[in-house]
Amino acid sequence: QRGRMKTKLMVVLAVVAVVTASVAAYYRGNGAGDGLNLTTVSLTRGSVVEAVEATGTLEAVTTVEVGSQVSGTIKALYADYNAQVRKGQVIAQLEPSLFETQVEQARATVQRLQAEVDSARVKVEDAKLKLRRAHELSARQLIPANDLETAQATARQADASLMAAQAQLVQGRASLRNNEVNLGHTTITAPIDGIVISRNVDVGQTVAASMSAPTLFVLAQDLRQMQVNARVDESDIGRIKAGQTVEFRVDAHPDDTFIGTVRQVRLEPLVEQNVVSYVTVIDVPNADMKLKPGMTANVTIEVARADEVLRVPNAALRFRPTAEVFTALGQQAPGGGLPAAAGSSTRGRVPSGEAGSRRSAVWVLRDGRLSRGPVQTGVDDGTTTALTAGEVQEGAEV
């Protein structure tokens, strides 16, 4: 058994020797003799922008749906798609014949009720006169007591009839005003100054206003100022604040970049297939009218920015030289191994807007030798990180 174990140990040592020789041969074959073939990049100064990407829809800031409060047939249309309208301008007309007839009937009813009121008032005056005479005759004991009581009851009944007639007259006048209002609703006017972006009816079409008012037109108040309603994922919404700068593109103008500003982050959560997002409203100027309602906007919201800072590729922050690399360079590896700060495991995200930075390190290649340079990192755009402090200078090969 001891002989077999000794044989296995010798085999293992031989394999280790072969692997070591192979690694050394590999580095020698890649120019280790003249210096290891490492990929480096020079540190430069510039801007690093951390951003959140989302997708949204362009909309007018103020959009009004114009409907009809009464049912009827469209008699005429005075506005079409893209028409500029002014507040109070007539944009459609319903057939008014039925409503005009109802108004005439209501006026006739009011006249009849007015006549009934006048008749009841005459009866009241007559009953009061007879009651006064009955009082005089009763005082002289010329009529029995029951005649006086009858005159009193007749007077009270006349007063009640007058009040009933007056109430019916008030009701008739209210019905007349209601029919006049309905007649006025057959004329559809623009509630705001704006542009027609949708027309949903044609001449001759019947609209039915039963439970809700049917939409005839959709008006946008001013398309020179629009907004993007972008849906931002819940993992990013904590970094979105009012006033942040936004860049976005639309498919209709792929070569143009449009600028906006975050105005509001709505609190209402939108849940689709267990994915939670929040609507972020972005104000967008549209002076040249290139943007149109309904366009899809690919939004990039700037949440943090660092200008005129040293920039390092994220790959350089993740680089961890092995002992073989130092050997190939003819350099002794640092004792105790590489500090964990140089690896990506310690580079957690720091929320934008907070002071402070993260500790890390880069490896600088100078005169064919590697040296570790501790740094502090800040804004990260996903590929490049801003250095806020450290022992490396602009132009260093990392």
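Predicted model: local features only at pLDDT ≥ 70, side-chain atom pairs only at ≥ 80, totals over all residues.

Residues are numbered from 1 along each chain as its sequence is written, and side-chain values use heavy atoms, with hydrogens and water left out.

Helices (H or I, at least four residues) and strands (E, at least two) are DSSP runs, numbered from the N terminus. Two strands pair if DSSP finds at least two bridges between them.

Let me begin with the open sheet of 4 strands, whose order is 2-9-7-4, with antiparallel pairing. Its edge strands, each pairing on one side only, are strand 2 (63–67) and strand 4 (84–85). Strand 7 (residues 194–199) runs antiparallel to strand 9 (residues 215–220), and 4 bridges join them. Within that pair, Val196 has Leu219 of strand 9 as its bridge partner.

Next, strand 3 (residues 72–77). It pairs with strand 8 (residues 206–207) in the antiparallel sense over 2 bridges, with Gly72 bridged to Val207. Strand 3 also pairs antiparallel with strand 5 (residues 90–94), over 3 bridges; there Leu77 is partnered by Ala92.

Finally, Gln227 lies in strand 10 (residues 225–233). Is Gln227 buried or exposed? Gln227 is buried, because its relative accessible area is 6%, and buried means under 20% (exposed over 50%, partly exposed in between; 1.4 Å probe, protein chains only). Beyond its neighbours within four places in sequence, Gln227 is in contact with residues including Thr57, Arg263 and Asp283, where contact means heavy atoms within 4.5 Å.
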